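Trainee: I would like to learn how to read a few features of a protein model. Please take them one at a time, the general idea before the case.

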Amino acid sequence: MKRKTFLKSLVGAAAIAAVGLPALAEDTIKIGEINHYKRLAAFAGPYKLGIEMALEEVNAAGGVMGKPLEFIFRDDQGKPGEAVKIAEELMTREGAVMLTGTILSNVGLAISSLAAEKKYVYLASEPLADAITWSKGNDYTFRLRSSTYMQAAMLAEEAAKTDATRYATIAPNYAYGKDAVAAFKKALTKLKPEVEFVAEQWPALFKIDAGAEAQAIERAKPDAIYNVTFGGDLAKFVREGGTRGLFEGRNVYGLLSGEPEYMDPLGDEAPEGWIVTGYPWSEITEGSGRVFVDAYMAKYDDHPRIGSLVGYMTVQSIVAVLEKAGSTDSEAIRAAFADLPVSTPVGDIKFRSQDHQATMGAYVGTIALKDGKGTLENWVYKDGADYTLPDEEVMQLRGSGN
Amino acid sequence: MGLFIAQILTGLANASALFMVASGLSLIFGVTRIVNFAHGSFYMLGAYVGYSFMQVLPGGFGFWASILLAGLVVGIIGIIVEMLVLRPVYKAPELFQLVATFGVILVIQDLTLLVWGADDFLGPRAPGLKGIIRIMGEPVPKYDLALIALTPFVAFALWWLITKTRTGILVRAATQDREMVGALGVNQAWLFTGVFFLGCALAGLGGAVQLPKGGADLLMDFNILSAIFVVVVIGGMGSLPGAYVAAVLISVLNVFGVNYLPQSTLALMFVVMVVVLIFRPFGLFGREEVAGEHGQVGEPERPIKPAGQTARMIVVVGLVLLGLLPLVGDSFILVLITDIAIFCLFAASLHFLLGLGGLVSFGHAAYFGGGAYAAALLVTYAGTPMELALILAPLAAGLTAIIFGWVCLRLTGVYFAMLTLAFAQLLWSLVFQWGDFTGGDDGLVDIWPSEWASGTTTFYYLALVLCIGGIILLRHTAHSPFGYALRGARDSARQAEATGINTKHVQWVAFGFAGAMAGIAGGLFVFSKGSIFPNELEIARSFDALIVVFLGGVKTLAGGVVGGAALEGAKDYITRFEYWRLLLGLLIIFVVILAPDGIAGTLRKWAERIGFIKREDQA
């Protein structure tokens, strides 16, 4: 008798395992996440951790529309063509309801074009190019992170407050660098027409000859410098420029230079006094921003990077849009993005219906050293909504792209 | 004047690490004839290993000891790689080893990520050399001066080793004629291993010595690769003084480029290389490649013949299956097969040049990407319909190939290969830099097929017809009189000339034809993806094709197609794993060792052994 019961329960368990589990697995809402996990491991890694933390929280609270939310992570090797192929697979075979991801702008643009053609919804989480929501914007693409223009305009506002009129720029020689310089010039000239740009340096991305760049900028004798280099290029530029005294007595404005991804590797050589956009995670002492930092540090025993924050907010945005749409249908999700409010660690943001750009802003502050590490002081969070182009200009840009 | 001197000094300091890495590459090539793509990886390892030593060894002594230890450790890693990966394939067809080194790159990338993590490291400053010295009022970092002083010592030590010691004599002898050295009783295997150790140690040293000027990151390997190849080629493959002069030339010119022509940073190096090679086809200090190889390496190539009955049956069955696929497969499998078919045509066009023409092009992406950009630009600016764009794409790519080929075909061997690479890079930098017209690296988007072909299934059939048609045309050409002439020019240019074949002309036409075929693949690619970006013109793209041609089998007609299908298929599966680069690298190395004749060649041999198909000479 006992044996029989045992056998019965075994058969029963097997049946549940055979029938129940796949049924459970099918009953999740899947999101296709495409990124350059290997090519840009230092950036995509923390981003993924942020996503996973948010997923855990969302699913512990019952998921979305009563179903667990699941992300399918895929590596595109940093190649746009590969990303397009993977996007097709995620949407047609894996049953993803929408796409998200990418850091590199060109990959983001490739997926965005596919999204418009095949009517897939794509939330561009991290790529910065203005084109994604402006000149190449389309009905199916939305962007979370503040664009190049928005961040450059925030720095230009700071720059306009000083007496400096002679500016030198240094930016990696590719689309992001060019956009960032053009945006800074445009915003600064609008605020202060008398500025002149006396040197423009364009090192090849990740192949900077920092000594020569420092000499070239010094030769132009600028009052202030605008830096767009990042990663290894930034480290080299900071060291060569610092050694040669390039930054002495000059204001330096650094786009993204204050983000932990870029500032942490500099250690105690973080360039004090630079005015930058970044993420002062250690200085945020209250509110939902602190809750996020604490939860992240408790979970991973490491501090969040800006990527972690964006990853976390990506999940929050997706949850919000799905709840509002009440459906996983592409058209419903797309419609629900219009003026979608999301409350996040940086505060309440909104996906603008004009250009599908979220109003996520950026932290702007001055680099200071604290316990041998770079951090931001006198920082403020600037709302992205205040640093975009006027609506007419945006409409004109979007019109020309389609 | 002060600034001028300071600029020269900056250039000289930059030349230091570049020289060390490049001289190692040059040495390895000179003796073993291996084009070591993994050399950048050894440079990266040098930086990471040196960084780790510097964390534990204190002070000035520790700093310099760390640099030496980094060189030593990386040299030992080089020995391991040489013995495990390269020794088994020395007898394989020329340049086959570069596929193995490509596998090594992937393995080292993932292992480095595993060991050191994803974060960049900023190199420690050299103790005692942190400040600057003012020379005529201009600041010059002390460490720069140390590097400038150090490099001649390294160069001198190398020179002494090569010219004054017995080992050096053997190395030089092997550079000239390694078979003769072997015949005289020198153990070649250990000579090769020794040279590989030295070359890798130099790369490691270069990686460690640049730490105070930069650091260690995971992108270093590819970032330095093109620069060291350029230096080695400008200096002359195998020449140490050449490598030094070229490293200084490139570095100093680069400093002036940065100062007076800031936009030049992408193209300058390649412009210099093209100019040097046009006037000195073997580099500044290189010599014409002497007839070191007595005939071909490995077993002699068999004459080609049309496919046998069995092979034709297999192909027909395969084609029918592909034709019926949309009835059973889901839409993603069609997307995947479309991708693979396009890549196979691209690979087959390179195989035509490489296998039949013996023309090793390192820059074939120029014609693939060229065709793609031609189509994309036509659609974007002229509103050209897809059908016309697909016809014009191969024309544009073919024309590009004819122009580039006209210059490149003046050279032979590795110099030819490097010149094709330089032209591909120039085209890339043109597209990259000319953002107003080409979209720069934001590319051109929204280029989708015409209405009738926009469905996945229809486009699948379109791609299949064009790709298979192109592949069959390439194969048919191989059997035509033109194909015979091309092989004649490859096997013995002199005899071919004597029979009245204008070998240069034949090769030139073949170059244009292969370019046009790659252009068809590029045109299809852009319509299948809806967008195009400069990375389709990059070195990495050229290498993709190169790898699959070798992997498939250079000496078989089907090599390009078989390799392309196998690798693209494998990649689609493997990239789903977290450490896919490690897996893919190991897989490539595994195939290289197991199948030194390439996949198609080795399969054929096995099939013959078990009697599935007959050997031609028995037939």
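Mentor: Start with strand pairing: two strands pair if DSSP finds at least two bridges between them. Helices (H or I, at least four residues) and strands (E, at least two) are themselves DSSP runs, numbered from the N terminus. This is a predicted model, in which local features need pLDDT of at least 70 and side-chain atom pairs count only at pLDDT 80 or more, while totals for chains, interfaces and linings use all residues. Residues are numbered from 1 along each chain as its sequence is written, and chains are lettered from A and ligands numbered from 1 in the order in which they are written.

Trainee: Which residue stands opposite A:Gly254 in E9(A)?

Mentor: A:Asn227 does. Strand E8 (residues 224-227) of chain A pairs with E9(A) over 4 bridges, in the parallel sense. E9(A) is also joined by 3 bridges to strand E10 (residues 275-278) of chain A, and these two run parallel. There A:Gly258 is opposite A:Gly278 in E10(A).

Trainee: What kind of unit do E8(A), helix H8 (residues 232-243) of chain A and E9(A) make?

Mentor: A crossover is right-handed if, with the strands pointing away from the viewer, the path from the first strand over the helix to the second runs clockwise. E8(A), H8(A) and E9(A) make a right-handed β-α-β unit.

Trainee: How many residues of strand E9 (residues 251-258) of chain A are buried?

Mentor: A residue is buried if 20 or more other C-beta atoms lie within 10 Å of its own, exposed if 12 or fewer, and partly exposed in between, with C-beta atoms placed from the backbone. For E9(A), 8 of its 8 residues are buried, and the strand is mostly covered.

Trainee: What is the corresponding reading for helix H13 (residues 365-382) of chain B?

Mentor: Its 18 residues should span 26 Å, and the end C-alpha atoms are 24 Å apart, which agrees. H13(B) has 15 of 18 residues buried, so the rest of the structure largely encloses it. Just after H13(B), B:Gly383 has a positive phi of about 60 degrees.

Trainee: Which residue other than glycine has a phi near 55 degrees?

Mentor: The general idea is that most residues other than glycine have a negative phi. A:Asp339 has a positive phi near 55 degrees. This residue is in the loop between helix H12 (330-336) and strand E11 (340-344) of chain A. A:Asp339 counts as exposed because it has 10 C-beta neighbours inside 10 Å. B:Asp446 also is not a glycine and has a positive phi, of about 60 degrees. B:Asp446 is in the loop between strand E5 (444-445) and helix H17 (456-479) of chain B. With 19 other C-beta atoms within 10 Å, B:Asp446 is partly exposed.

Trainee: Where are the domains of chain B?

Mentor: Domain bounds come from an automatic or database domain assignment. For chain B it gives domain 1 (2-219) and domain 2 (309-609). Their centres, taken over C-alpha atoms, are 34 Å apart. Two residues are in contact if their C-beta atoms, placed from the backbone, lie within 7 Å. By that rule 19 residues of domain 1 of chain B are in contact with 19 residues of domain 2 of chain B. Helix H4 (residues 97-116) of chain B gives the most to the domain 1 side, with 10 residues.

Trainee: How many residues does each chain give to the contact between chain B and chain A?

Mentor: Chain B gives 54 residues and chain A gives 54 residues. H1(B) gives the most to the side of chain B that touches chain A, with 6 residues. For classes, Ala, Val, Leu, Ile, Met, Phe, Trp, Tyr, Cys and Pro count as nonpolar, Asp, Glu, Lys and Arg as charged, and the others, Gly among them, as polar. That side of chain B has 24 nonpolar, 18 polar and 12 charged residues.

Notes
Expected span 1.5 Å × (residues − 1).
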